[in-house]
Every structure is written in C-alpha cells, then in structure tokens.
Amino acid sequence: MQKKKALIILASASPRRRELLGMICHDFSVIVSECEEIVSSTVPEEVTIELSKQKAQAVAKGRANAVVIGADTVVSIDGEILGKPKDREDACRMLRMLSGRTHQVSTGVTILQTGADANVKGESRFAETTLVHVAPLSESELVSYLDTDEPYDKAGAYGIQGMFGKFITGIKGDYNNVVGLPVHRLYEEWKKMS
C-alpha cells in the first residue's frame, strides 16, 4: 500500500506569504487560523515564534497527514514592537520612528507535521531577523505615503515590496523575511524534517 502524501497547509491569510511559499512548493492549501493570539513575551523573536506556533496548532488540530506552516512577522525598533497601525495617526507615529534609522523585522515560523492519527509527529520552530534601513522621510513624503492604502494592513505601517520600497536604503539579511516569510530558512528546516 502506498503511503498517503501529506497535505501542505499555510496557516495564514497573507497573500504575500502565499506567493513566497509558492517558491518552495506549488501544491498547498490555505486555512486561516481563527485562534486567539496570546503573547507572554516582549522579545520580538519570541513573540513571533509564540504566535506562529498558536496559528499552526489551531490549524493542525484534528488534521491527519498534514504539514502545517504558521508564520508571524513583527517590526521593532528601540525595543518596541510595531504591529499593524490602528489608524492614520498611529501609522504616522510608526513611520516617524523608522525615518532615517535601522529597525528589525522578525518572522517566526512553526512547521507542524501530523501523522495518520492527527497527532503531531514532527515540529520545527525558528525566528529570522533582518535589519532594514529607511532613508529620512520628508513631511511631504510621509503625508503622500499615508494617503495610500498601503500602510494600514502591515506591521510597522509599510510594505517593502510596495511603494515604500523607494525609501529603503539597504537591508542586512533575507529580503523575503521582510515581506513575510524567510523562504530559504523555511526550505532548509523543512528538508531536515522530511
């Protein structure tokens, strides 16, 4: 009897993560986790791992022969985690903090592998951090960017792959990590589990 192929599931609503996972595999499903996010840490890398694990566990529960990938990304500067902005004023505050400075983007990933009995038989968790430097933003550049839809659904109030990319003077680390999924690291960790 042939072994049943594992169903690969991305536990994220992010279209960017969907595109990035497509670099590793083409045949996967997307199931968004509806779990309540509970954070016990204030360290960005630990926060992302906690949240990615919660998402992956919620989606993996009761699913047999699956590989579930959960991910969460945060932007941080001066020890403060910048989530998605609540409103324009909050987005403006975040962008002023990032202007002319280097900040960190951390993505935590959890890979859960379930067996035929739906119990977890393999697990990998890690966080990847990339340093991002932003040029000084003029008041008119700031207002112009805030007038777009782009800042409001992204951690740190920007997307490196969008219009904000013109303000990025350099990065140290994985570009894909800043977009939302550290593709190479995920690929390497996944290979170890196979």
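Which backbone nitrogen does a side-chain oxygen of Asp-87 reach at the start of H3? I will come to that after the ground rules.

This is a predicted model, so local features need pLDDT of at least 70 and side-chain atom pairs count only at pLDDT 80 or more, while totals for chains, interfaces and linings use all residues. Residues are numbered from 1 along each chain as its sequence is written, and side-chain values use heavy atoms, with hydrogens and water left out.

Back to the opening. At the start of H3 the side-chain oxygen of Asp-87 comes to within 3.3 Å of the backbone nitrogen of Glu-89. I call such a pair a polar contact: N or O atoms within 3.5 Å, where within protein one must be able to donate a hydrogen and the other to accept it, and residues adjacent in sequence count only if both atoms are side-chain atoms. Helices (H or I, at least four residues) and strands (E, at least two) are DSSP runs numbered from the N terminus.

H3 covers residues 88-98, and its buried residues are Asp-90, Ala-91, Cys-92, Met-94, Leu-95, Met-97 and Leu-98. Buried means under 20% relative accessible area, exposed means over 50%, and partly exposed is in between, with a 1.4 Å probe and protein chains only. The cover over the buried residues of H3 includes E3, E4, E5, E6 and H4. After H3 comes Gly-100, with a positive phi near 70°.

Next, helix H6, residues 183-193. Here Val-183, Leu-186, Glu-189, Trp-190 and Met-193 are buried. Viewed down the axis of H6, these buried residues fall within an arc of 135°, so they line one face of the helix. The arc is taken from the directions from the helix axis to the C-beta atoms. On the other side of H6, His-184 and Lys-192 are exposed. The buried residues of H6 pack against strand E1 (7-10), H1, E3, E5, E6 and H5.

Now the largest pocket, at about 700 Å³. Of the 34 residues lining this pocket, Arg-17, Asp-72, Thr-73, Lys-84 and Asp-153 are the closest to its centre. On a 1 Å grid over the protein atoms alone, a pocket is an open set of points where a 1.4 Å probe fits, with protein on both sides within 12 Å along at least five of seven lines, and lining residues have an atom within 4 Å of a point. Points are joined across faces, edges and corners, and the volume is the space filled by probe spheres set on them.

Which element gives the most to the lining of the largest pocket? E3 does, with four residues. The elements giving two or more residues to the lining are helix H1 (15-21), helix H2 (44-60), strand E3 (66-77), strand E4 (80-82) and helix H5 (175-179). By type, the lining divides into 18 nonpolar, eight polar and eight charged residues. Ala, Val, Leu, Ile, Met, Phe, Trp, Tyr, Cys and Pro count as nonpolar, Asp, Glu, Lys and Arg as charged, and the others, Gly among them, as polar.

Some single residues. Asn-177 sits in helix H5 and is buried, at a relative accessible area of 0%. The Asn-177 side chain reaches the backbone oxygen of Glu-128 at 3.1 Å. Beyond its neighbours within four places in sequence, Asn-177 is in contact (heavy atoms within 4.5 Å) with residues including Thr-73, Val-105 and Pro-182.

Ser-52, in helix H2, is buried at 0% relative accessibility. A polar atom of the Ser-52 side chain lies 3.0 Å from the backbone oxygen of Ile-49. The side chains of Ser-52 and Thr-110 make a polar contact at 2.7 Å.

Val-68 belongs to strand E3 and is also buried, at 0%. Val-68 and Glu-123 are 55 residues apart along the chain, with 9.6 Å between their C-alpha atoms.

Last, the backbone. Most residues other than glycine have a negative phi. Ala-118, in the loop between strand E5 (102-114) and strand E6 (120-134), has a positive phi of about 75°. Ala-157 has a positive phi near 70° and lies in the loop between helix H4 (139-146) and strand E7 (168-172). Is Ala-157 buried or exposed? Ala-157 counts as buried, with a relative accessibility of 0%.
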